[in-house]
Amino acid sequence: MTAPAEGNAPVCRRLPGRTAVITGAGSGIGLAAARRLSSEGARVVCADIDADAGRRAAEEVGGLFVETDVTDPEQVGAVFAAADETYGSVDIAFNNAGISPSDDSSILETGLDAWQRVQQVNLTSVYLCCQAALPYMRRQGKGSIINTASFVAVLGAATSQISYTASKGGVLALSRELGVEFAREGIRVNALCPGPVNTPLLKELFAKDPERAQRRLVHVPVGRFAEAEEIAAAVAFLASDDSTFVNAAEFLVDGGIAGAYVTPL
């Protein structure tokens, strides 16, 4: 089964006048989201630790680039301040930056350094980004925070990446808590839970071990990995007023993995 051809889906303009901050905007889901939110009228602030990739993304979408280490509280605060100072609001925070290094595997093999590095980038950064974004949204009385979790936050896997899995479970719980806490202030917080996505990160991981890739692919009912543009469409929905009653949600975009027991032949 193949993915939908790019450019076939009509694009609405649901986000004019809104400012979106995207971490990890230089590649993969972050870049696809920057393109999609921009096409829907949003002013996009691209945050990335890779200055070249982040700057290219910002130039492509006519947005602002801020070089950002998402594990550094000062740099995280600076990117949201730059968004507000430049565009006058922080309406959407897509806290997407993350890593999946090869030294994160079974708990029997994963060292403490690898564990802590993944937790810092994947979970602590989401905490910092939410903490930085919320004051602007509370001042405005509205906002949408979208945190990238994963389908592994709701499923276990024998092909383990123990720190990655634990970090994404943390993102899911954090998002749920914040969604409940700030709901009556007009702020929605949702955890986006993608299935495996055909991004450079996944390609690099699976190029080293095609058997491992096939082991995972067989569990996807639709028979393929997602394209980044498909995940970006879900981000645009959660950012827009089409999802005003979606809050504190575990928003699965996983090709049916979480619903599967036996997949089609």
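User: Where is F182 found?

Analyst: F182 is in the loop between α5 and β6 (187-194). Helices (H or I, at least four residues) and strands (E, at least two) are DSSP runs, numbered from the N terminus. This is a predicted model, in which local features need pLDDT of at least 70 and side-chain atom pairs count only at pLDDT 80 or more, while totals for chains, interfaces and linings use all residues. Residues are numbered from 1 along each chain as its sequence is written, and side-chain values use heavy atoms, leaving out hydrogens and water.

User: Why is F182 called buried?

Analyst: The relative accessible area of F182 is 9%. Buried means under 20%, exposed over 50%, and partly exposed in between (1.4 Å probe, protein chains only). The value of 9% is under the cut-off, so F182 is buried.

User: Which residues does F182 contact, beyond its neighbours within four places in sequence?

Analyst: F182 is in contact with L134, R138 and I187. Contact means heavy atoms within 4.5 Å. G54 is 128 residues away from F182 in sequence, and their C-alpha atoms are 31 Å apart.

User: A42 also sits in a loop. What makes A42 buried?

Analyst: A42 is in the loop between α1 and β2, and its relative accessible area of 8% makes A42 buried. Leaving aside residues within four places in sequence, A42 is in contact with L15, R18 and L37.

User: Is A248 buried, partly exposed or exposed, and what makes A248 so?

Analyst: A248 has 23% relative accessibility and therefore counts as partly exposed. A248 is in the loop between α8 and β7 (250-253).

User: What is noted about the phi of A248?

Analyst: A248 has a positive phi of about 55°, although A248 is not a glycine. Most residues other than glycine have a negative phi.

User: Where is A81, and why does A81 count as buried?

Analyst: A81 is in helix α3 (residues 73-87). At 18% relative accessibility, A81 counts as buried. A81 and A132 are 51 residues apart in sequence, but their C-alpha atoms are 8.5 Å apart.

User: How do you know that α1 and α2 are roughly parallel?

Analyst: Helix α1 (residues 28-39) and helix α2 (residues 51-61) pack at about 15°, with axes 10 Å apart. Axes are lines fitted to C-alpha atoms, for helices over the stretch in contact, and angles run from 0 to 180 degrees between N-to-C directions. Angles under 35 degrees count as roughly parallel, over 145 as roughly antiparallel, 65 to 115 as roughly perpendicular and the rest as oblique. At about 15°, α1 and α2 are therefore roughly parallel.

User: Which residues make the contact of α1 with α2, and of what classes are they?

Analyst: L31, A34, R35 and S38 in α1 meet A57, E60 and V61 in α2. By class, four are nonpolar, one is polar and two are charged. Ala, Val, Leu, Ile, Met, Phe, Trp, Tyr, Cys and Pro count as nonpolar, Asp, Glu, Lys and Arg as charged, and the others, Gly among them, as polar.

User: How are α4 and α5 placed, and why?

Analyst: The axes of helix α4 (residues 112-140) and helix α5 (residues 162-181) come within 8 Å and cross at roughly 15°. α4 and α5 are therefore roughly parallel to each other. Among the residues of this contact are W115 and V118 of α4 and V171 and L174 of α5. The contact of α4 with α5 has 13 nonpolar, five polar and one charged residue.

User: What makes a set of residues a nonpolar core, and which members of the largest one touch the most others?

Analyst: A nonpolar core is a set of buried Ala, Val, Leu, Ile, Met, Phe, Trp, Tyr and Cys residues joined through side-chain atoms within 4.5 Å. The largest one has 34 residues, of which I22, L37, V44, C46, F94, I146 and L192 touch the most other members. Helix α8 (228-239) is one of the elements that each supply at least two residues. The largest share, eight residues, comes from α8. A second, separate core of 32 residues includes A47, A93, V171 and L178.
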